[in-house]
Protein chains: 2
Amino acid sequence: MSVMGEKSSSARRAAERPRVVIVGAGFGGLACARKLNGTPVDVQLLDRSGFHLFTPLLYQVATALLNPSDIGYPLRTIFRRSRNVRVHQVMVGSVDLRQRTVHLSTGQEVDYDYLVLATGSTDNYFGNVALSAASLGLKTLEQAARLRNHVLACLERADEESDRDERRALLTFVVGGGGPTGVEYSGALGELIHLVAGKDYPSVPRAEVRIILVEAGARLLGSFSKRLGDYAERILSRRGIEVRTATRVEFADERSVTLAGGTVVATRTVVWTGGVQPLLPNTNPPLAVARSQRARVDAYLRVIDNKGVYVIGDAAAAEDGGALPMLSAPAIQQGRYVARSILRDATGSPLGRPFRYRDKGTMATIGRNAAVAHLRAGFELTGFLGWLAWIFVHIWYLIGFRNRLAALFSWGWNYLRFDRPIRIILQATPDPLVSAIEAGEDEDQRP
Amino acid sequence: MSVMGEKSSSARRAAERPRVVIVGAGFGGLACARKLNGTPVDVQLLDRSGFHLFTPLLYQVATALLNPSDIGYPLRTIFRRSRNVRVHQVMVGSVDLRQRTVHLSTGQEVDYDYLVLATGSTDNYFGNVALSAASLGLKTLEQAARLRNHVLACLERADEESDRDERRALLTFVVGGGGPTGVEYSGALGELIHLVAGKDYPSVPRAEVRIILVEAGARLLGSFSKRLGDYAERILSRRGIEVRTATRVEFADERSVTLAGGTVVATRTVVWTGGVQPLLPNTNPPLAVARSQRARVDAYLRVIDNKGVYVIGDAAAAEDGGALPMLSAPAIQQGRYVARSILRDATGSPLGRPFRYRDKGTMATIGRNAAVAHLRAGFELTGFLGWLAWIFVHIWYLIGFRNRLAALFSWGWNYLRFDRPIRIILQATPDPLVSAIEAGEDEDQRP
């Protein structure tokens with residue numbers, strides 16, 4: 001196998017070119033790989049999906065404004081001209097930190113001199129099994145495509161449905177979690193409904209559609225200031241979204257959601273954006289984790305006692321157990337920092353300064369012409385200005401990708417024209433070969 | 001249910017507004033519905049997928065140049081401003097021609113005064129069950145998305161594979177059927193491979209990739225002239241596609257294809273474009289069919305002995321049992337013709353002239369800068385001129401759809417830049433609600 005072949009060929013030149021393995025090609029892993037591109041190290045970038053996902057626009061795929069391919073960019077294309085970065089679409093099974101070997105779920109192995117775990121995070125249901133089974137997520141491209149299909153199918157069904165209770169259940173959308181994802185998705189869903197209810201779906205009156213945003217905390221956007229959180233709630237409410245703060249989702253099944261206090265809401269759609277938890281591979285010895293379950297790292301983002309192993313992004317806790325927000329900005333900064341550290345170490349230079357996160361601000365859209373932004377030095381923006389800032393920043397980041405400008409143009413165009421072009425329900429039949437890659441199953445059973 | 005509700009409310013005004021039911025929103029059904037839009041009849045357009053598919057560009061979705069949503073246009077959007085055309089995403093179970101009732105697979109019923117069956121065609125494996133199980137189709141949007149995923153997964157696997165035989169099997173693509181679809185797909189697949197082999201997939205040398213186009217007939221493009229068929233073969237061969245005419249596919253499984261004469265080709269990919277068969281709902285009494293299994297219609301496209309029932313497009317045979325080609329042009333002309341006939345009949349006007357197909361020509365691309373076109377009066381084009389003609393005609397038809405121009409721009413842009421932007425593998429998890437609509441299953445089992 002060429003991953004193993006790579007290992008042996010890398011082994012031959014190990015003396016001259018250190019082997020760096022990066023697990024995960026989210027913002028952190030990708031930033032690290034890009035920084036190492038063209039340097040005298042061999043980089044193996046391992047990623048399950050094979051594409052980098054621009055997660056800040058995921059909610060727009062889920063609301064039929066963007067195509068999945070607009071925000072999923074093939075890693076092979078990003079590194080097609082690279083001489084030292086190789087991309088592998090594989091699943092990592094476990095890591096032997098003593099042998100310095102990554103075990104793939106196919107049974108293959110990859111040796112490393114430096115390991116960067118940029119494995120990110122996944123949905124957290126806080127032990128609520130019913131919720132985990134009955135809700136739709138919004139963290140992967142597959143989930144976003146499924147959510148789009150599901151919401152459109154609800155509208156289709158509702159348009160044919162004469163039973164009033166059933167129609168209302170089909171037209172009730174419950175979003176759990178009032179962080180940026182929940183706020184952005186419910187705002188965008190409100191706009192989608194506003195565009196199509198009573199028009200494309202003539203039997204679906206806008207007044208029958210309910211979007212309920214449920215947040216366990218005292219207010220929306222807990223990571224922003226109270227002023228911005230209150231502003232988001234005001235705008236969403238004005239646009240017809242029912243916001244319920246200080247309300248926990250107790251239970252959910254295919255037909256309803258039970259909120260704290262026993263309120264039962266009949267619905268066919270529960271979207272869960274209410275929590276994330278770090279995702280780490282099994283390691284030997286196990287990684288030390290903080291209470292947040294994020295891996296403990298030192299001030300240089302190194303796993304304590306395992307020289308050459310770094311954890312960055314959502315999967316990493318800061319030295320003091322305190323945590324950086326699970327956002328793209330810290331992950332990108334950490335990815336670049338670790339790349340520099342590896343190059344220093346590989347060339348025998350002394351350790352640099354400890355990692356320090358530079359907060360350039362965070363932002364969230366609430367819908368057309370409204371966003372909140374918290375910029376550095378406590379500067380805050382709301383409304384149209386916040387929205388312009390949001391667009392500017394997202395164009396800026398997207399431009400890093402070749403050809404993304406066209407996608408953004410088309411998106412801006414449709415956004416201005418109040419159109420939702422991607423309004424088709426499409427489920428591609430699962431293909432065994434694709435599923436084998438995604439499951440990491442070894443399909444290779446010929447004699 | 002509102003479809004039934006529609007029935008009773010339609011019944012009330014039946015005296016004034018005739019009820020037209022169109023089954024299928026392909027080129028024929030859509031043309032008919034558009035022609036009836038704004039006229040004094042009530043139209044119910046029933047379609048399983050809910051979107052109109054621009055099939056001539058399906059092979060571009062399968063080769064990662066277009067997004068599925070670029071060629072699938074929501075019917076509800078097309079008719080969102082219509083007062084008399086209603087769209088329903090449903091499956092038709094059967095038709096009672098005596099009672100003039102369409103039975104949906106959900107158990108609902110729709111009554112009609114005029115029925116237009118525009119149900120199209122599906123893959124034909126000529127009884128070869130093994131082939132039908134082992135091959136991938138290229139007739140629906142789902143199939144195209146799956147084929148894209150599959151081919152990209154083959155490249156991913158091949159890039160990691162060190163076993164030479166297995167790698168070659170992963171890199172061997174067999175296309176069965178040398179009609180326009182097979183020719184266009186193999187040409188476009190050749191270009192995709194040429195763009196990515198050795199670049200995005202550094203361990204995949206172009207020389208190891210084989211694309212084999214197999215045609216049972218004596219030459220490619222049997223529906224075109226011999227000159228154009230030979231030209232297509234020459235161009236494809238020059239671009240590295242192995243063309244095997246007068247060769248039948250005997251057998252196929254997950255690991256190989258057996259061609260006539262006993263040649264076994266190890267491959268993981270068999271694409272079947274070698275035949276189509278008409279698709280008709282069960283009717284009572286059964287429809288008379290020609291040898292081609294297409295429904296017999298009279299010179300006015302009426303089902304004989306069933307006044308008010310029309311069959312158009314791929315599902316219909318001409319009066320003399322001879323057949324029009326299964327292309328968009330005859331279907332569109334028939335759809336418009338039938339719409340006019342219905343309006344005449346509904347207003348008490350006498351029967352118009354019999355339907356006559358006006359052949360405006362057919363065309364097929366063979367790849368970048370090369371196409372064949374057969375225009376009226378025996379005029380033929382090849383090469384770059386044919387390609388320009390192809391682009392012109394397809395722009396012309398696509399422009400019928402709002403916003404398609406942007407898609408075409410983006411496509412042209414990427415085509416000129418030799419890019420394939422949609423190169424991600426994405427399988428959306430099946431959603432029960434979507435599957436219920438597509439299967440026509442009655443999910444409605446609450447007490």
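Modeller: Let's begin with helix 2 of chain B, residues 27–36, which is mostly covered: nine of its ten residues are buried. This is a predicted model, so please read every value here as computed from predicted coordinates. The buried residues of helix 2 of chain B are B:Phe27, B:Gly28, B:Gly29, B:Leu30, B:Ala31, B:Cys32, B:Ala33, B:Arg34 and B:Leu36. You may find it handy to recall that an α-helix has 3.6 residues a turn, so residues three or four places apart point the same way.

What covers the buried residues of this helix? The cover includes strands 1, 2 (42–47), 3 (51–53), 5 (85–89) and 9 of chain B, together with helix 11 (328–346) of chain B. Just after helix 2 of chain B comes B:Gly38, with a positive phi of about 85 degrees.

Two of those covering elements, strand 1 and strand 9 of chain B, also belong together. Strand 1 of chain B spans residues 19–23 and pairs with strand 9 of chain B in the parallel sense, over four bridges. Strand 9 of chain B has another parallel partner, strand 21 (residues 309–311) of chain B, joined over three bridges. There, B:Val116 has B:Tyr310 of strand 21 as its bridge partner.

Elsewhere in chain B, four strands form an open sheet in the order 13-12-11-17, with parallel pairing. Its edge strands are strand 13 (241–244) and strand 17 (269–272) of chain B, each of which pairs on one side only. On average, neighbouring strands of this sheet are turned by 20 degrees against each other, direction ignored. Strand 12 (residues 210–214) of chain B runs parallel to strand 13 of chain B, and four bridges join the two. B:Ile212, for instance, has B:Glu242 of strand 13 as its bridge partner. Helix 9 (residues 180–196) of chain B packs on this sheet, touching strand 11 (172–176), strand 12, strand 13 and strand 17 of chain B. The direction of helix 9 makes about 175 degrees with that of strand 12 of chain B.

Now over to chain A, where strand 13 covers residues 241–244. A:Ile241 and A:Val243 make up the covered face of this strand, while A:Glu242 and A:Arg244 make up the uncovered one. Strand 12 (residues 210–214) of chain A pairs with strand 13 of chain A in the parallel sense, over four bridges. A:Val214 has A:Arg244 of strand 13 as its bridge partner. To get from strand 12 to strand 13 of chain A, the chain crosses through helix 10 (residues 226–238) of chain A, and this β-α-β crossover is right-handed.

A:Val214 also leads us to a glycine. A:Gly274 is 60 residues away from A:Val214 in sequence, yet the two are 8.9 Å apart in space, C-alpha to C-alpha. A:Gly274 sits in the loop between strand 17 (269–272) and strand 18 (276–278) of chain A. A:Gly274 counts as buried because 25 other C-beta atoms lie within 10 Å, where 20 or more are required. Leaving aside residues up to four places away in sequence, A:Gly274 touches A:Gly176, A:Gly177 and A:Ala216.

Stepping back, chain A is divided into domain 1 (2–48 + 90–123 + 277–346) and domain 2 (129–274). The C-alpha centres of these two domains of chain A lie 36 Å apart. Chain A has 14 helices and 25 strands, and buried residues make up 52% of its 447 residues. Among chain A contacts between residues at least 6 apart in sequence, 65% join residues at least 24 apart.

Finally, a word on confidence. The mean pLDDT of chain A is 85, with 84% of its residues reaching 70 or more. Residues 1–14 of chain A have pLDDT below 50, and this stretch has 25 contacts in the model beyond near neighbours in sequence. Residues 440–447 of chain A also stay under 50, with nine contacts beyond four places in sequence. Where pLDDT is low, the predicted coordinates should not be read in detail. For the complex, the predictor gives an ipTM of 0.78 and a pTM of 0.84.

Definitions and conventions: Residues numbered from 1 in each chain as written. Chains lettered and ligands numbered in written order. Predicted model: local features only at pLDDT ≥ 70, side-chain atom pairs only at ≥ 80, totals over all residues. Domains from an automatic or database assignment. Buried ≥ 20, exposed ≤ 12 C-beta atoms within 10 Å, placed from the backbone. Contact = placed C-beta atoms within 7 Å. pLDDT = per-residue confidence, 0-100. Pairing = 2+ DSSP bridges. Right-handed = clockwise from strand over helix to strand, strands pointing away. Axes fitted to C-alpha atoms, helices over the stretch in contact; angles between N-to-C directions.
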